[in-house]
Amino acid sequence: MPSLLRTLSVLLALSTSAEAGGRQVLAGPVDVTIIKVRDGDSVDVVAHVWPGHDVRVSVRLRSIDAPELRARCDDELKLAKAARDRLAGLLIAGRAQLRDISGGKYYGRVLARLVTADGQDVQNILLREKLVRAYSGGKRAGWCGDDLARAAANDF
């Protein structure tokens, strides 16, 4: 894992932009090969950071929140599977790009936008299809019962 963190540190140091909180953001794009779709807002990739140098990393998709597969209710589980399956379908080609890349709040994971091989913004598609919610940090809303009804009434 230390080599991953060193590589990401070098890449982030090359960036000239910063997001709120002072975190460095690498604009990208960084070409990736999809290894696994974990859920509706997380994937494992091999990032091709420069010729001959690849880094395997877990990516949390920026600005969205998907229902959890470790669901609290049947509705959440159904929604989580739909979001995961749609994300997997969008990434069927196995290639994509990361953009707006920064360190995630969990060790070893990065936060980034994901763009398909044919240029589609994954987050926008999932939001438009109401499979995920917009998320900018902080406490996440639930996906069960009253929380789900409130979210639907507010159109996420």
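One term before we start: when I say two residues touch, or are in contact, I mean heavy atoms within 4.5 Å. Keep in mind that this is a predicted model.

Leaving out residues up to four places away in sequence, Val59 touches Asp41, Ser42, Val43, Val45, Leu98, Arg109, Val110 and Ala112. We will come back to Val59.

Now the overview. The chain has 156 residues, and 42% of them count as buried. Its secondary structure is four helices and nine strands. Along the sequence the order is α-β-β-β-β-β-β-α-β-β-α-β-α. The chain exposes about 8,800 Å², with 52% of that from carbon and sulfur atoms. Now look at contacts between residues at least 6 apart in sequence: 55% of these join residues at least 24 apart.

Next, the barrel. Which strands close into it? Five do, in the order E3-E4-E5-E8-E7, with mixed pairing. From one strand to the next, the twist averages 55°. Helix H2, residues 74–90, packs on the sheet and touches E3, E4, E5 and E8. The direction of H2 makes about 155° with that of E3.

A quick reminder on sheets. Strands pair through backbone hydrogen bonds, either parallel or antiparallel.

Let's go around the barrel, pair by pair. Start with E3, residues 30–39, and E4, residues 42–50. They pair in the antiparallel sense, over six bridges. Here Thr33 stands opposite Val46 in E4.

Move on to E4 and E5. This pair is antiparallel too, over eight bridges. Ala47 has Val55 in E5 as its bridge partner. The two strands form a hairpin, with two residues between them. In that turn, Gly52 has a positive phi of about 80°.

Then comes E5 with E8. Parallel or antiparallel? Parallel, with four bridges. Ser58 has Arg109 in E8 as its bridge partner. Arg60 stands opposite Leu111 in E8.

Stay on E8, residues 109–116. How many of its eight residues are buried? Seven, so E8 is largely enclosed by the rest of the structure.

The next pair is E7 with E8. They run antiparallel and share six bridges. Leu98 stands opposite Leu114 in E8.

The largest nonpolar core has 30 residues. Which of them touch the most other members? Val59, Leu87, Leu91 and Leu114. So much for the residues; now the elements. Those giving two or more residues to this core are E3, E4, E5, H2, E7, E8 and helix H3, which covers residues 122–128.

Two residues of E7 deserve a stop. One is Gln97, which sits in that strand. The side chains of Gln97 and Asp31 are joined by a polar contact of 3.0 Å. Beyond its neighbours within four places in sequence, Gln97 is in contact with Pro29, Val30, Asp31, Val32, Arg113, Leu114 and Val115.

The other is Asp100, also placed in E7. With neighbours within four places left aside, the contacts of Asp100 are Val25, Leu26, Ala27, Arg62, Leu111, Ala112 and Arg113.

Last topic: backbone geometry. As background, most residues other than glycine have a negative phi, and most peptide bonds are trans.

Asp100 is not a glycine, yet its phi is positive, about 50°. Lys130 is not a glycine either, and its phi is positive at about 60°. Where is Lys130? In the loop between H3 and strand E9. With a relative accessible area of 42%, Lys130 is partly exposed.

And the peptide bonds? A cis bond joins Gly28 and Pro29, with omega about 10°. Pro29 lies in the loop between strand E2 and E3.

Terms used
Residues numbered from 1 in each chain as written. Predicted model: local features only at pLDDT ≥ 70, side-chain atom pairs only at ≥ 80, totals over all residues. Heavy atoms only, no water. Buried < 20%, exposed > 50% of the residue type's maximum accessible area, 1.4 Å probe, protein only. Areas by Shrake-Rupley, 256 points an atom, 1.4 Å probe, with all protein chains shown as cover. Pairing = 2+ DSSP bridges. Axes fitted to C-alpha atoms, helices over the stretch in contact; angles between N-to-C directions. Core = buried A, V, L, I, M, F, W, Y, C linked by side-chain atoms within 4.5 Å. Polar contact = N/O pair within 3.5 Å; in protein donor to acceptor, adjacent residues only side chain to side chain.
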